[in-house]
Each structure stands twice: as structure tokens, then as C-alpha cells.
Amino acid sequence: MKSLSNRSKVVSDKNMTLLEGAYLPAVVKGLGITLKHFFRRPATLKYPEEQREFTEVYRGKHVLKRDENGAERCTACGLCAVSCPAEAITMVAAERKNGEEHLYREEKYAAIYEINMLRCIFCGLCEEACPKEAIFLTKEIAPADYEREEFIYGKDKLVEGVEPAKRIDVSKRQDR
Ligand code: SF4
Ligand code: SF4
């Protein structure tokens with residue numbers, strides 16, 4: 001049958017010559033390919049010393065944002081969890097007490113907020129669903145680990161710091 005791509009090769013079943021039987025031509029050909037690639041610029045990077053540029057739309061590890069006064073924005077409404085196709089988000093809501101206004105912006109807040117990073121597919125739907133601009137995906141890579149439990153990110157890993165130096169700038173994403 002005629003090949004559609006015209007790339008098919010007829011396989012010969014003739015006996016190998018002595019030279020072919022010693023695999024010398026194949027070895028020399030293989031070494032030639034190795035030498036050719038030896039002088040090429042490698043496609044890999046020496047991570048983490050060297051880092052690759054990400055595109056503007058890259059979505060990495062999440063951050064739970066604070067407002068301009070340092071209070072947590074999340075009101076534990078659960079919309080991010082409901083919109084998550086991987087069911088990676090869980091939370092426990094609590095009521096804000098008197099005197100906690102500087103900690104939590106709304107009357108309800110997430111006492112526990114967890115993302116299972118092994119489930120997350122970094123789709124960004126949680127960010128889009130959030131009515132409080134509380135959750136964003138950053139350019140940070142979620143680091144590798146050996147234990148599955150380490151991939152359950154709680155508020156200790158997700159909420160940004162209060163100090164200006166520890167804030168995570170997501171202004172480019174907020175504009176969208
Ligand atoms: S990025 Fe997507 S998969 Fe990951 S937690 Fe958000 S909604 Fe779920
Ligand atoms: S992160 Fe946003 S959507 Fe998710 S519970 Fe908090 S306020 Fe609601």
C-alpha cells in the first residue's frame with residue numbers, strides 16, 4: 001500500500017556484513033550525533049541558580065491577600081472552593097470578635113483555609129470567583145517536597161505578610 005506521508009522506509013532483511021555485525025557504523029553515527037549536540041546551547045537551565053522567564057499569564061502558587069490596613073480580605077464565602085474543578089480548597093469559617101477588626105476585614109473570616117497543591121491544576125478559577133479580591137495566583141513555583149502532607153498549604157503558607165516588604169504584588173492581575 002502506498003504511504004500517505006511518503007516517509008515510510010522499506011525494511012530490508014538482508015544479512016549484515018561483518019562491519020555492520022560489529023555495530024561500528026551505528027556506534028560512529030551515534031557518536032557523531034552526540035558531538036553535534038555537545039556544542040549546541042543546552043535547552044535546560046541550572047535551576048534554581050538560573051531561572052526561566054515566565055509569561056505574563058503564568059499562574060503559580062496562591063496568595064491570600066490583606067487589605068491596605070493589613071487585615072485579611074477573605075470572608076470565607078466558599079465561592080473559590082465551589083468553583084475549584086479539582087476540589088482542592090477547604091476552609092472553616094469563624095465569626096470575627098470585637099477588637100479583631102484589624103485582623104479580618106469582614107465579619108466572617110477563614111479560621112482554616114487549605115489548598116491541596118497536589119490536586120490543584122493552577123487553572124485560576126478560584127481567583128476569578130473571589131468577590132473580595134482575596135486570592136490570587138502568583139508567579140512563585142510551589143516547591144517540591146517528599147511528604148504528601150507538606151503539599152496541604154494552610155494559612156501559614158498562603159496569607160501574605162503584614163509588613164510592606166512581605167506583601168506580594170499582584171497589581172497586574174488585579175487590573176484584569
Ligand atoms: S487554581 Fe484551579 S485547581 Fe487550583 S485551587 Fe484554584 S480553582 Fe482549584
Ligand atoms: S478566597 Fe475569596 S472566594 Fe474564597 S472564601 Fe475567601 S473571599 Fe470567598
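In the predicted model, ligand 1 is surrounded by 13 residues, of which Cys84, Cys120, Cys123, Leu125 and Cys126 are the closest. When the residues of this shell are divided by class, 11 are nonpolar and two are polar, while no charged residue is found around ligand 1. Ligand 2 likewise has 13 residues around it, and those that come nearest are Cys74, Cys77, Cys80, Cys130 and Ile135. The shell around ligand 2 comprises 10 nonpolar residues and two polar ones, together with one charged residue.

Turning to the strands, an open sheet is formed by three of them, arranged in the order β2-β3-β5 and paired in the antiparallel sense. The antiparallel pairing between β3, spanning residues 108-116, and β5 rests on two bridges. Within this pairing, Ile115 has Tyr153 of β5 as its bridge partner.

Among the helices, α2 is made up of the 15 residues 24-38, and the distance from its first C-alpha to its last is 21 Å, close to the 21 Å that is expected at 1.5 Å a residue. A residue is taken as buried here if 20 or more other C-beta atoms lie within 10 Å of its own. Because the number of buried residues among the 15 of α2 is zero, this helix lies largely in the open.

Notes. Residues are numbered from 1 along each chain as its sequence is written. Chains are lettered from A and ligands numbered from 1 in the order in which they are written. This is a predicted model: local features need pLDDT of at least 70, side-chain atom pairs count only at pLDDT 80 or more; totals for chains, interfaces and linings use all residues. A residue is near a molecule or strand if its C-beta atom, placed from the backbone, lies within 6 Å of it. Ala, Val, Leu, Ile, Met, Phe, Trp, Tyr, Cys and Pro count as nonpolar, Asp, Glu, Lys and Arg as charged, and the others, Gly among them, as polar. Two strands pair if DSSP finds at least two bridges between them. Helices (H or I, at least four residues) and strands (E, at least two) are DSSP runs, numbered from the N terminus. The expected span of a helix is 1.5 Å times one less than its number of residues. A residue is buried if 20 or more other C-beta atoms lie within 10 Å of its own, exposed if 12 or fewer, and partly exposed in between; C-beta atoms are placed from the backbone.
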